Structure formats: C-alpha cells, structure tokens
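Subject: Structure for you to look at

Hello,

Here is the structure I said I would pass on. Please open it beside this email; my notes follow below.

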Amino acid sequence: MKMMQAIIQPFKLEEVMQALGILGVEGLTVTEVRGFGRQKGHKARYRGTEYQVDLLPKVKIEVVVSDSDAVPVQVAIARAARTGEIGDGKIFVYSLDRVCRIRTGETGEAAITTGRPAPA
C-alpha cells in the first residue's frame, strides 16, 4: 500500500477530489497548511504598508491506496492540480508497512476499502 501526500493550491481542492472520486478513492484527509517553495512568498499591502508574506496558504491531501492504484491516483492528482504556474505543489509517495482500521481490527488493504465495488 502507498500513502500519497499532495501539497496543492487551495482553489484546486474540489477538482482534485472529483478526480479521485472518479477513480473510486474512498477516503482522504485534507489539512490547511502554509509553506513555500521556489516562489518564496510574495509582497502584500495592508493599509498602505507593504509587507512580505513568506508562508503561502496550501492544502495537504493524504490518501492511502493499493500499490496497483498508486500511479493512476498520482496522475489524477497531478492533472487536476496543475495550473502550469509556480506553486502548483508536489506529490510525495510513501510505502506503508501496515494499516489497521480501529473499529473492526481489519488490517492491510481490507482496512482501506469498504468492500463495495468501485463505481463504473
């Protein structure tokens, strides 16, 4: 299994969620975060005073998928989040040793699926 962590622009969240839904991804976690990469923030003006904004608002999406779904999910996130501008974000992919659903005790891939077939 893989954990995919994507840092994206906040306004792209809905598009990414729709793309993941089409692939049958059944759950994800979204966190509002702040950070910077190559863009190094920007200057802003408030009441006539200019100031530097070093940490820009981003959204972090975390999703756990089977090994076979990792590449299609990565491609879907990248396509949906892409604007072509600096600051589009990154996708990190981690291997998972173990997953356990707390409520039922299920482990492995059974812990990340509902048992329902994916939509056609």
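A pocket, as the word is used here, is an open set of grid points where a 1.4 Å probe fits, with protein on both sides within 12 Å along at least five of seven lines. Please keep in mind that this is a predicted model.

The largest pocket holds about 490 Å³ of space. It is lined by 25 residues, and those closest to its centre are Gly24, Val25, Glu26, Val64 and Ile112. Strand S5 (56-65) and helix H2 (70-81) each give at least two residues to this lining. The largest share comes from S5, with 4 residues. Sorted by class, the lining of the largest pocket has 12 nonpolar, 7 polar and 6 charged residues.

Now the chain as a whole. The protein chain has 2 helices and 6 strands, and along the sequence they follow the pattern β-α-β-β-β-β-α-β. Of its 120 residues, 28% count as buried.

There is also something on the surface. Met17, Leu28 and Val30 form a nonpolar patch there, and together they have about 200 Å² of accessible area. Where does Leu28 lie? Leu28 is in the loop between helix H1 (13-22) and strand S2 (29-35). Why does Leu28 count as partly exposed? Its relative accessibility is 32%, and partly exposed covers the values between buried, under 20%, and exposed, over 50%.

Regards

Key:
Residues numbered from 1 in each chain as written. Predicted model: local features only at pLDDT ≥ 70, side-chain atom pairs only at ≥ 80, totals over all residues. Heavy atoms only, no water. 1 Å grid on protein atoms, 1.4 Å probe; cavity = no way out; pocket = protein on both sides within 12 Å on 5 of 7 lines; lining within 4 Å. Points joined across faces, edges and corners; volume = space filled by probe spheres on them. Nonpolar A, V, L, I, M, F, W, Y, C, P; charged D, E, K, R; others polar. Patch = residues over 30% accessible without salt bridge, like charges linked within 9 Å, V, L, I, M, F, W, Y side chains within 5 Å. Areas by Shrake-Rupley, 256 points an atom, 1.4 Å probe, with all protein chains shown as cover. Salt bridge = Lys/Arg side-chain N within 4 Å of Asp/Glu carboxyl O. Buried < 20%, exposed > 50% of the residue type's maximum accessible area, 1.4 Å probe, protein only.
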